[in-house]
Amino acid sequence: MLSARAAKWAQVSFNHGHQNTYHPVNNPKGIVSFSNAENWLVHEDLTHFINEHNQFGEECCAYGEGYTGTRRLRTAMAKHLNTHFKPVQEIDPEEITFAAGVTPLNEACALLTCDPEKQESILLGKPIYGAFAKDLTLRTGVNLEFVDVGDTDQFSPDCVAAYETGFEAAKARGINIRALIICNPHNPLGECYPRETLVELMRLCASKGIHLISDEIYALSLYSIYERSSDKFTEFTSVRAIDPNGIIDPSQVHVLYGMSKDFGACGMRLGCVISQNSEFTEATRAICRFSSPSQYAMDLAAKFLEDQEYVAKFLEKSQKLLLHSRVVAESLLTHEGILFHEKGYVFYQLTWYSSLCNGATDPSHNVLGTQAFSYGST
């Protein structure tokens, strides 16, 4: 006999074991997965770096400094963020807390900001990163409130009115919004929020007394400086690059980042939250003992981030490879007459629904997924 919550969890799907992955020679009938955002283009370089730097000290065999990031790693990450995110106020290592990926930190943000028994919730715009629906709710009991901006540009300052409407509509139903979460750069649309929109979102959060949590995991996976039409792209601006003075209390603003996207290092299982709110940070560290990263992973990540000369070259190569792949994919899609969303750094295809759902009147994600699977992709 299981608890009621365990019985519910047992119905949740997740990857486990053999994935029947496509390989042109070894498994030509395998599945081509589009369900995970992995930068395979840099894996060779990353593997080479790891194999060159995997001499570990005996301290990696111990518990070490605790569960939420060694001082060395937090210092290296702070240096990296201060170099590339251009924060108004330099990020201190003590503002950074690590866990085994950003996923448990998503959950931590929900636990730290909401009491579900008080009808407290988190506000998100649509569309948004699909896994938030699990990350933020599965064990927390928190319900999510989604905002549809309609025909308004989701990245313009005009979108803020939709968020305010969503906030007030939830309030009218007795739901207390405690945080707004955004993805910047956006997942799945691949666009960045302009500075002026971020400022207005910060003002909104300040006026409502709620947290602004910015998932910036794709911050450096951009390539607009290389051979792309500038009008198709907005440069990345971190919320930490905006002076909060007169806009919002900095204790209400938190950033999520990690090693998985910009460095193609999903397997390292290293994510971090950056916050100037000491109480938020202490609470995060208290619960992240249940998702502590490996000492070996932290050692490798520290070595990687400490070598900022190598990181700069790594990122430049990654961005150029991403652009090349984008151009190739654009050419193939155009040749096949498949429309796609051109603005931004990723594809958001618009015509799969009609072709794969075979005329279904409700082109839902489940229908699309089922049809895609029948064609050998997920």
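1. Of the 378 residues in the chain, 46% are buried, where buried means under 20% relative accessible area, exposed means over 50%, and partly exposed covers what lies in between (1.4 Å probe, protein chains only). This is a predicted model, in which local features need pLDDT of at least 70 and side-chain atom pairs count only at pLDDT 80 or more, while totals for chains, interfaces and linings use all residues. Residues are numbered from 1 along each chain as its sequence is written, and side-chain values use heavy atoms, with hydrogens and water left out.

2. The chain holds 12 helices and seven strands, taken as DSSP runs numbered from the N terminus (helices H or I, at least four residues; strands E, at least two). Among contacts between residues at least 6 apart in sequence, 72% join residues at least 24 apart, a contact being heavy atoms within 4.5 Å. The chain exposes about 19,600 Å², of which carbon and sulfur atoms supply 53%; accessible areas come from the Shrake-Rupley method with a 1.4 Å probe, and for residues only the protein chains shown count as cover.

3. On the α2 side the contact is made by Leu46, Phe49 and Ile50, and on the α9 side by Leu300, Lys303 and Phe304. By class, this contact has five nonpolar residues, no polar ones and one charged residue, where Ala, Val, Leu, Ile, Met, Phe, Trp, Tyr, Cys and Pro count as nonpolar, Asp, Glu, Lys and Arg as charged, and the others, Gly among them, as polar.

4. Cis peptide bonds may be checked at two prolines. The bond from Lys126 to Pro127 is cis, with omega near -5°, and Pro127 is found in the loop between β2 (120–126) and α5 (132–135). A cis bond also joins Asn187 and Pro188, with omega about 20°, and Pro188 has its place in the loop between β4 (176–183) and α7 (195–208).

5. Positive phi values are the last topic. Gln119, although not a glycine, has a positive phi of about 60°; Gln119 is found in the loop between α4 (102–113) and β2 and counts as partly exposed at 44% relative accessibility. Arg269, also not a glycine, has a positive phi of about 55°; Arg269 is found in the loop between β6 (253–258) and β7 (271–275) and is partly exposed, with a relative accessible area of 38%.
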